[in-house]
Amino acid sequence: MSYVRLTHACCAVLTGGLLLVGCSGGGGGEPATSTGAPTRASSGAAPAPSTSAPRVAPVPGATPTALDFVPDPARAPKNAAEAARLARTILSGGPDSWGPGYVARTPYLSAEGYWPVLAEGCAWETGAAPSTVLHSVTAYMELPGAGGKGTVRVSSTVTVHRTEDAADWEMAETLEEALRCPDQLLRDGERISGLMSLGNAYGVGDNYTADDTVNERGKYLKEGVPGEQYYGWSQSRLGQVTIAVSAKGAPGHDEQELGTAMAQASVAMLTRAETALEAEQ
């Protein structure tokens with residue numbers, strides 16, 4: 001099933017690029033105290049009713065379909081320790097999930113309890129995780145510059161919620177953030193502009209890999225780096241788990257290259273999440 005996931009995910013990334021909504025982005029996937037920007041975060045409000053569209057086939061008249069994933073309630077994390085183990089499993093592919101040449105950064109994992117929030121002034125700040133979150137962790141990686149190309153920084157984030165509704169609420173807030181703040185300060189010397197966002201429930205807009213997906217695209221600007229670079233974020237929900245990948249571009253790397261790497265990393269994590277949570281057939 002991973003091959004099918006990758007085919008559809010790459011399709012969605014490239015289509016997103018043509019629609020100027022791309023795939024990836026968000027808060028940049030790095031803590032404010034590191035050399036990058038904060039990760040995506042929700043405000044901590046109480047979960048709202050699901051905003052996802054019904055799982056229907058995108059072609060008029062076609063037979064309705066459902067995501068080929070049936071979770072086993074016995075495998076669902078019930079506490080922080082179980083959620084942390086699941087998150088480590090989902091991230092177990094490390095830099096290799098992104099493709100050849102990607103390596104871990106230092107620090108590799110976010111600090112325990114790290115939870116960034118997009119403040120009213122559209123700047124990322126460190127906040128407290130909502131009670132709906134059992135565990136959240138981000139892995140930081142990069143593709144070192146070579147042959148005249150700059151260094152690309154990427155991240156993979158796994159957030160395990162107590163319930164599916166809580167995870168769905170995080171997806172809705174992610175979509176709202178780009179609409180509220182198309183220009184965001186990641187940290188001193190780093191910002192994004194022109195951020196656009198598009199949410200697709202399963203069966204809509206080439207999303208055949210998760211219950212729900214939010215794709216974003218913007219322009220990344222960093223002091224000391226000439227020009228505007230690609231900036232992207234892609235977040236998907238599978239049951240009570242959200243999985244996000246982000247990329248901050250660099251000179252010599254185009255959107256298609258980075259979008260493909262993001263799709264590959266996202267699919268790898270979704271496949272591991274599905275294997276860990278699904279009921280045996």
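Reply: Helices (H or I, at least four residues) and strands (E, at least two) are DSSP runs, numbered from the N terminus. This is a predicted model, where local features need pLDDT of at least 70, side-chain atom pairs count only at pLDDT 80 or more, and totals for chains, interfaces and linings use all residues. Residues are numbered from 1 along each chain as its sequence is written, and side-chain values use heavy atoms, with hydrogens and water left out.

Me: How many aromatic pairs does the structure hold?

Reply: A pair of aromatic rings is described by the distance of the centres and the angle of the planes. Rings of Phe, Tyr and Trp (its six-membered ring) pair if their centres lie within 6.5 Å; planes under 30 degrees apart count as stacked, over 60 as edge-to-face and the rest as tilted. The structure holds two such pairs. Trp98 and Tyr102 have ring centres 5.8 Å apart and planes at 35°, so they're tilted. Tyr220 and Tyr231 are tilted too, at 6.0 Å centre to centre and 35° between the planes. Tyr220 sits in strand β8 (residues 212–222) and Tyr231 in strand β9 (residues 229–238), so this pair ties together parts 11 residues apart in sequence.

Me: What about the backbone?

Reply: Most residues other than glycine have a negative phi, and most peptide bonds are trans. Here Cys122 has a positive phi of about 65°, and a cis peptide bond joins Thr106 and Pro107, with omega about 0°.
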